[in-house]
Amino acid sequence: MGRGLAQGYGALASKRWAEAVSALTRAREAGIRSAELENAVAVALIRLQRFDEARDRLSAALELAPTSSEALLNMALFQD
C-alpha cells in the first residue's frame with residue numbers, strides 16, 4: 001500500500017476529513033485506482049459537505065466496480 005493511501009485511510013479513520021481527501025487524492029494521482037479508494041474520497045468529501053465532488057467520486061467508483069455495495073449505498077444518499 002502506498003504511503004499516501006495508508007495516510008489517507010488513517011486520516012479517514014481518525015475523522016480528519018480534509019487530510020484524508022488530500023492524501024487519497026495523492027494516491028489517485030500516483031496511479032492507484034480502485035472503487036474502494038474512490039468511495040473513501042467520497043466519504044471524506046461528504047463529511048466536508050463538498051457534495052458535487054463526492055458525487056463525482058462515487059460515479060468513478062461505480063465505473064470501476066458497478067456493483068460496489070458501499071458506493072451504491074453512498075450514492076443513494078443523493079437520490080431524492
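**Reading the helices and core of a predicted model**

Visitor: Which residues of α2 are buried?

Guide: An α-helix has 3.6 residues a turn, so residues three or four places apart point the same way. In α2, the buried residues are Trp 17, Ala 20, Val 21, Ala 23, Leu 24, Ala 27 and Arg 28. These buried residues pack against α1 (3-13), α3 (35-47) and α4 (51-64).

Visitor: What span should the 13 residues of α2 have?

Guide: At 1.5 Å a residue, helix α2 (residues 17-29) should span 18 Å, and its end C-alpha atoms are 18 Å apart, which agrees. Just after α2, Gly 31 takes a positive phi of about 105°.

Visitor: How many of the 13 residues of α3 are buried?

Guide: In α3, 10 of the 13 residues are buried, so this helix is largely enclosed by the rest of the structure. Among them are Leu 37, Glu 38, Asn 39 and Ala 40. The buried residues of α3 pack against α1, α2, α4 and α5 (69-76). Just after α3, Gln 49 takes a positive phi of about 60°.

Visitor: Which residues of the largest nonpolar core touch the most other members?

Guide: That core has 23 residues, of which Leu 12, Leu 24, Ala 44, Ala 54, Leu 58 and Phe 78 touch the most other members. Each of α1, α2, α3, α4 and α5 supplies at least two residues of this core. Its largest share, 8 residues, comes from α3.

Terms used:
Residues are numbered from 1 along each chain as its sequence is written. This is a predicted model: local features need pLDDT of at least 70, side-chain atom pairs count only at pLDDT 80 or more; totals for chains, interfaces and linings use all residues. Side-chain values use heavy atoms; hydrogens and water are left out. Helices (H or I, at least four residues) and strands (E, at least two) are DSSP runs, numbered from the N terminus. The expected span of a helix is 1.5 Å times one less than its number of residues. Buried means under 20% relative accessible area, exposed over 50%, partly exposed in between (1.4 Å probe, protein chains only). Contact means heavy atoms within 4.5 Å. A nonpolar core is a set of buried Ala, Val, Leu, Ile, Met, Phe, Trp, Tyr and Cys residues joined through side-chain atoms within 4.5 Å.
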